[in-house]
Amino acid sequence: MNVTININPVFREANESKARYLNLYGGAGSGKSHFTAQKVLIRILNGKKQRILCTRKVARTIRNSQFRLLKDLIHEYELSKLFKVNEVEMQVKCVNGNEVLSVGMDDPEKIKSITGLTGIWAEEATELEEQDFNQLNLRLRGKTAEYKQFILTYNPVYVGHWLNKIKLKDCYKLKTTYLDNPHIDEEYKKVLDELKYTDENYYNIYALGNWGMIRNAERAYFAFSRSKNVGTFDGSVLEFIISYDFNINPMCAVLYFFGNQKYFQVKEWRIDNSNTEEISELICQHLQSYGITQSVIVTGDASGRAKGTKGHMSDYEIIQSVFSRYRIPFHLQIPEANPPVRDRINYVNKMFQTERLTISEECQYSIQDRELVVWKKGSEAFKIDKSNPDLTHLSDAADYGLWNTQALLQEDNYKKQFALGGARKWQ
């Protein structure tokens, strides 16, 4: 029986792709799930010994998504005579012996018992944990008559999701939005367009198909916005500020330009398995490129005042030694103790809200921190969640620099306490 299945041109390469992984993500209404159902149908109609698994985190949600899409296409193309549909098990079997199974990841033992798969379709893949993906991936093995393919379809709801970090070899990746779907109705277009006025994060995810952020209620730096707080420096530099956070893995520091009553974070250092001397060497080499003649303000984590084990020198004594060796004038501005976390973060959020703090787009790890650092769940003491080793250190370093130099924004105090380009009086 000849069947004509019209594929949206934007998905033609994806339809032809035999890559092991087909990563289809983007906005709502783009047609990615409809296309995937078409590809599954094509494979079980024309392929040899095809056994394809439809899965989601919860089995019952498959009924009104993948299973329904397949049934709708069978009806649309008048193929009912070629298929036997099992409503109870949500299975579709073709007269040629090829079949589609439906199993949720909430039934892991059933997943483990499935063999002979040639394809997997994970709808709403962001619902899955990485271990779910790994378990499914293990099922796609063995010799088969044709290629094996794992298809992921999802909206990119959270920029820190494992799907945005995982490195997949032999992967075809395609981002689509509602603008790629010629069949979408005008009313739904309007709904998506109007999100820009009601929810910037939802608009970014569901209309533009970009990775979104976590909910503002959980974010420590809820006031940070890429559109308002990421950009370029366009003023004169009144002060250079280096601020440190002391960790072995990673060691972190940032460089601020200060001018026109605003801070601009121009550079970040994030070095694994490093030490204070190594990162200070790199900082001084970078500062030399500016031809600095005035004293640089050096600040950061107050814990660096304590004596260390290396020659009984503190971190700040090591910094002084390196800066002196490079003949870069400096002034240490280190408090006796770090501020309460809540006070520090409230102050930084105010800086973002008043647009007195801008971050260079080159500082990608710092931007990631501002978007992804969250409060520790269940904590009544306003503690930051430190469970992710890739987060918090750069934002800590940057925050100390802002908190410890607040006098720069107080013009009277600044004039009294600073001698620009000369000896500092501020201690």
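**The second largest pocket**

Tutor: In this predicted model, the second largest pocket has a volume of about 310 Å³. Its lining is made up of 16 residues, of which Asn6, Asn8, His34, Gln38 and His183 are the closest to the centre of the pocket. Among the elements that contribute to this lining, helix α2, which spans residues 32–46, gives the most, with three residues. Sorted by class, the lining of the second largest pocket holds nine polar residues and six nonpolar ones, together with one charged residue.

On the α12 side the contact involves Asp343, Arg344, Ile345, Tyr347, Val348 and Met351, which meet Ser395, Asp396, Asp399, Tyr400, Leu402 and Trp403 of α14. By class, the contact of α12 with α14 has seven nonpolar residues, four charged residues and one polar residue.

As for the confidence of the prediction, the pLDDT averages 88 over the protein, and 92% of the residues score at least 70. Over residues 419–423, however, the pLDDT is below 50, although this stretch has seven contacts in the model beyond near neighbours in sequence. Where pLDDT is low, predicted coordinates should not be read in detail.

Definitions and conventions. Residues are numbered from 1 along each chain as its sequence is written. This is a predicted model: local features need pLDDT of at least 70, side-chain atom pairs count only at pLDDT 80 or more; totals for chains, interfaces and linings use all residues. Side-chain values use heavy atoms; hydrogens and water are left out. On a 1 Å grid over the protein atoms alone, a cavity is a set of points where a 1.4 Å probe fits but cannot get out, and a pocket is an open set with protein on both sides within 12 Å along at least five of seven lines; lining residues have an atom within 4 Å of a point. Grid points are joined across faces, edges and corners, and a volume is the space filled by probe spheres set on the points. Helices (H or I, at least four residues) and strands (E, at least two) are DSSP runs, numbered from the N terminus. Ala, Val, Leu, Ile, Met, Phe, Trp, Tyr, Cys and Pro count as nonpolar, Asp, Glu, Lys and Arg as charged, and the others, Gly among them, as polar. pLDDT is the predictor's confidence in each residue, from 0 to 100. Contact means heavy atoms within 4.5 Å.
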